[in-house]
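Open the model in a viewer and follow the stops below in order. Each stop gives a selection and then says what is found there.

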Amino acid sequence: GCTTQDVMGGWYDAGDHGKYVVNGGISVWTLLNLYERTKFLGDTLSDFADGTMILPTEERTNGVSDLLDEARWQLEWMLKMQVAEGQPNEGMAYHKIHDEFWTGLPLAPHNDPQRRFIHPPSTAATLNLAAVGAQCYRIYRDIDSDFADQCLDQAVIAYQAALDNPILLANPVSVGGGPYNDDVVEDDFYWAATELYLATRDTQYAEDMEASPLHLTVQTGDTSIMTWGRTDGLGMISLATIGNDLEFVRIQHLSWSIFARLAITDAASNYRDSVNTEGYALPISEESYPWGSNSFVVNNMIVLALAHDFTGSTSYLNAFMRSAEYIFGRNPMDHSYVTGYGTLAERYPHHRFWAEVLDPAFPPAPAGAMSGGPNNGLEDPVAQEFLTGCAPQKCFLDNIDAWSVNEITINWNAPFAWIVSYLDEQGQKQQ
């Protein structure tokens, strides 16, 4: 009795062949924020010009930034994940799509033999769609007005649908793909309201922002102010990045940008202090290292970079640079967590297609992909066999089967792309 829906396109989430709105949202937001940050606060937007990236020919010759072409591939998929008018829960976003059961390695996506299922809508996924749809409108309206209008129209519908269904939560149990269940959605509401306000200047969204206890704050006590499960910081970063431009905010709300920048700088000060006190100079200070710990490092590096943009203080830039050294090999493993870079570079990330080590018919991982890094949770059998008793920062193994420590995901590599672009921009200034 199920219906079918075309949800082709978009990015595979990680080593598996699943696609998830809640993780896709923060990933595409990060690339779009890279574009906006470079446009409003940087000076290297031409580095992403048409023809600068290895994309399909039609995307390298269409006169549009290659960075935006890449982001659009994901945006178009997310728009397809909205429940159609007239269907139950219309306007909501389906939570995810993935195989019926887990598949093994190696396996190319087009050879995947399993049935794939769309999973029921969730409030968190719907608000992800609302947020990035509004962000899409801001950026693409002068590039492709029809696409931008579609993004905004669907974002507005999604936000209202989420208001009508405020606690439609995803199932925490999942087979064949990750659950990405998110039981707290106040942060997603704030993120979506902020992005919609910056896109429309509509007072409804401003009122929703002001009514939120999260307004103009960031959670500095957390490992990071932004993860797929904690998204209010994304709205704050957007507000801080572009919110002092009258094109995007009303005059009476200009102070919001100032307070957003102060809050982000305050968080960056905590990360800077961590860099200065941690033995291996990284912007997290934890006794345990969670799954994807490197993503917290690079996300916090974004906050450090923005604080440098906002204040001009070299203390934040220095902390940013020292954090990069950790990712590229100055760590207890003497291991660069990035494929193709470093004397002891990452070689065998957990991935179904970059699987040459298992079958020479498959390719190795290309240069420039970042592994999730140390995780003392040791959730996979290989990590449990070889790493039991490890010190948290040494709970790592460059092994394709060690998925809990050596996976590759889009929400880890999007911020990695962000920070590498910032590194390159700062390097050009030094020349």
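Start with helix α8, residues 232-242: eleven of its eleven residues are buried, so the helix is largely enclosed by the rest of the structure. Buried means under 20% relative accessible area, exposed over 50%, and partly exposed in between, with a 1.4 Å probe and protein chains only. Helices (H or I, at least four residues) and strands (E, at least two) are DSSP runs, numbered from the N terminus. The model is predicted: local features need pLDDT of at least 70, side-chain atom pairs count only at pLDDT 80 or more, and totals for chains, interfaces and linings use all residues. Residues are numbered from 1 along each chain as its sequence is written, and side-chain values use heavy atoms, with hydrogens and water left out.

Keep α8 selected and show its neighbours. Which helices do the buried residues of α8 pack against? They are α1, α4 (123-140), α6 (186-200), α7 (203-211), α9 (254-277) and α10, where contact means heavy atoms within 4.5 Å. Among the buried residues of α8 are D232, M236 and I242.

Next, select the cysteines C136 and C151. They form a disulfide with sulfur atoms 2.2 Å apart; the term stands for a pair of cysteine sulfur atoms within 2.5 Å. C136 lies in helix α4 and C151 in helix α5 (residues 145-164), 15 residues apart, so that the pair links distant parts of the chain. The link of C136 and C151 is right-handed, with 65° about the S-S bond, and both cysteines are buried.

Move to C390 and C395, whose sulfur atoms are 1.9 Å apart in a disulfide. This link is also right-handed, with 100° about the S-S bond. C390 is partly exposed at 22% relative accessible area, whereas C395 is buried at 0%. The count comes to two disulfides, and the bonded cysteines, numbered in sequence order, pair 1-2, 3-4.

Now turn to empty space. Rolling a probe the size of a water molecule over the atoms shows where such space is left. On a 1 Å grid over the protein atoms alone, a cavity is a set of points where a 1.4 Å probe fits but cannot get out, and a pocket is an open set with protein on both sides within 12 Å along at least five of seven lines; lining residues have an atom within 4 Å of a point. Grid points are joined across faces, edges and corners, and a volume is the space filled by probe spheres set on the points.

Select M53, E70, W354, G368 and N413: of the 47 residues lining the largest pocket, these lie nearest its centre. Its volume is about 1700 Å³. α1 (21-41), α3 (66-80) and α14 (410-430) each give two or more residues to the lining, and α14 has the largest share, with ten.

For the second largest pocket, of about 720 Å³, select Y180, W228, W291, E407 and W412, the closest to its centre among 31 lining residues. The largest share of this lining, three residues, comes from α10.

Finish at the largest cavity, of about 40 Å³. Select L34, R37, T38, T44, F48, W418, S421, Y422 and E425, which line it. α1 and α14 each give two or more residues to this lining, with four from α14 as the largest share.
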